[in-house]
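Please describe the overall build of this model and how its parts pack together. A report in running text follows the structure.

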Amino acid sequence: MDFLGLLTDAGREVFAPTTAAFALAAIGLNFHFGLTGLLNMGHAGFMLLGMYGYAITVREVTENNDMFLGLHMAPGATIALGVMVAIIVSVIFGLLLGWPTLKLRGDYLAIVTIAAAEMVRFLGRSQTFKDLTGGSTGIRGKDFKGPFEALSPFPDRQVTIGPFTLHGSISTSWWLVVVSWTIVALAALLFWRLSRSPWGRVLKGVREDEDAVRSLGKNVYSYKMQALVLGGVIGALGGVLWSFGNAVAPDSMGRPTTFWVWTLLLLGGAATVLGPLLGSVLFWMSLVLVKGLAAMFIPDTWLSPTQLEPFSLMLVGVTLMLLVIFRPQGILGDRRELAINDR
Amino acid sequence: MTAKENPFAHTSATPGSAKSDPVIVAHGVHRSFGGLTAVDVEHLEVQRHAITALIGPNGAGKSTFFNLLTGFDKPQKGEWSFNGDSLQSHSPAKVARAGMVRTFQLTKALSRMTVIENMRLGAAGQGGENFFTALFPALWRAKEATITAKAEDLLERFKLIDKQNDFAGELSGGQRKLLEMARALMSDPEIVMLDEPMAGVNPALTESLLEHIVELRERGVTVLFVEHDMHMVRRISDWVVVMAEGKIIAEGPPETVMQNTAVQDAYLGAHHDTDLSEDLS
């Protein structure tokens, strides 16, 4: 691989739909952790539910000749229905998770969410629901991407802008790039608005000390639930975006996904508006760069090509550990927070 | 006391005595942890517009009793009312909204929020704390301005106005106590419950804290506080309630309650003339 090609690949990650999908998921997690201090260790569960909710709904409608409850569905209507199902499913999941755990201390939520996310993944993989979820192979992209790609205003061929070539409408397309980043921008705007509102102030209070907020007359349980559900819905939408560029496969949304979302949130800066975006861009870009450079400079005799991927992930991991140790507030975080010793 | 007639003039100095105008009435409150009885209060009335001190040796159940009254803990049995309305099995938030706001022994300043944001959070009735309302600033901006003005007033009074844009975590221990007290006043409570307001406060700030507590009474706020420092109790309280082993063993004006033999036995021992605060610090 040549150096210029590597730079182009890394540059493509800056605006790739995957980057956007993870940025969106991280905005969701930012509502949980950054604003409210909720330790949600099962964000991939929300993302996976969003993917399933959307993909299954759209596939069923498409296979039913675009008919739903006796109505003919235009592509836009099918998409709206799929997104609605994704939202409803993630709301229910959030309520179920929060109901028993939000009254307990924070660590319990972490344990329950990580287990619940794994349960979602295993249910998705199980042969019992193979007709619905496709088991461990998941749902092929062409089964549910139709309506979204049909709406594309971009040409149905490869389009080159600058050094980057993507298809206009299909799979990881310019159309998906535009839609993904528009949604990310809207979510960031929502976070900006809410984090600077009295509602967001209560959440920050909960993050700092629940009992203090209780003693000031606020219903802490209700606020934590609102934050959990809202962040979960945004995470589910991140899952939907991710599935547009890929396919729905349960194992692509396992524990590592959750930790990546955490990593890029902490990298960019928790509780900041643009932290999740910056974090996602840097994370995916450096992953490609490290992988590419390792392939260029490490001889095959040291590491085989199949070992390169885990190796570069490890390097990224170590870098991020260092970052969290020496700059725990992230790149965009407030420097003064470091002075406060209550971690 | 001020020039007003002493509201305790006709109150007998016996445990559980009736007050002329009680704001809190507790009866038969019992809380035990396993076999250990932490609180077993037969009857207590707290006089309105006065400063009542709740004292007692370590482990007497003062803080537990505080937690019960404010909804942070649930008793096995018992009933209590605030302004005649029962507060039993109310959540802490509901108790606070009813007008009874507490502070904590270990100060709970919200560290990574600014001082002014801490204050604003204390306010009641900000509609923008609802999710949907929060999305439309036009609906809550006016109220926010009122709240901010009030917060600045209070910060001025508590001499924290210069710190308003600092993180609360950057304040000293004493300043955090002041902030917590000021924050509790944002919702105009009828009664503030201070759990060891002097703990960990340096002597220079003690004086101003005392003044603030006395000033609260002058502004018509009832104060109930838990304290170890006997000097402070003597100086500012109008009435003293003594607890030991979960029970109320004595009540009376601060000048005379220390003479009570039950109090001396349970709490002060042979050292009732010495300054306990030195032993405790």
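Of the 343 residues in chain A, 48% are buried, a residue being called buried if 20 or more other C-beta atoms, placed from the backbone, lie within 10 Å of its own. This is a predicted model, in which local features need pLDDT of at least 70 and side-chain atom pairs count only at pLDDT 80 or more, while totals for chains, interfaces and linings use all residues. Residues are numbered from 1 along each chain as its sequence is written, and chains are lettered from A in the order in which they are written.

Chain A has 14 helices and four strands, taken as DSSP runs (H or I, at least four residues, for helices; E, at least two, for strands) and numbered from the N terminus. Its C-alpha trace spans about 60 × 60 × 35 Å along the principal axes.

Two helices of chain A pack against each other, with their axes 8 Å apart and at an angle of about 140°; axes are lines fitted to C-alpha atoms over the stretch in contact, and angles run from 0 to 180 degrees between N-to-C directions.

| Helix of chain A | Residues |
|---|---|
| Helix 4 | 75–101 |
| Helix 11 | 220–245 |

The two helices, helix 4 and helix 11 of chain A, are therefore oblique to each other, since angles under 35 degrees count as roughly parallel, over 145 as roughly antiparallel, 65 to 115 as roughly perpendicular and the rest as oblique.

Between the chains, 25 residues of chain A are in contact with 29 residues of chain B, contact meaning C-beta atoms, placed from the backbone, within 7 Å.

Key:
A residue is buried if 20 or more other C-beta atoms lie within 10 Å of its own, exposed if 12 or fewer, and partly exposed in between; C-beta atoms are placed from the backbone. Two residues are in contact if their C-beta atoms, placed from the backbone, lie within 7 Å.
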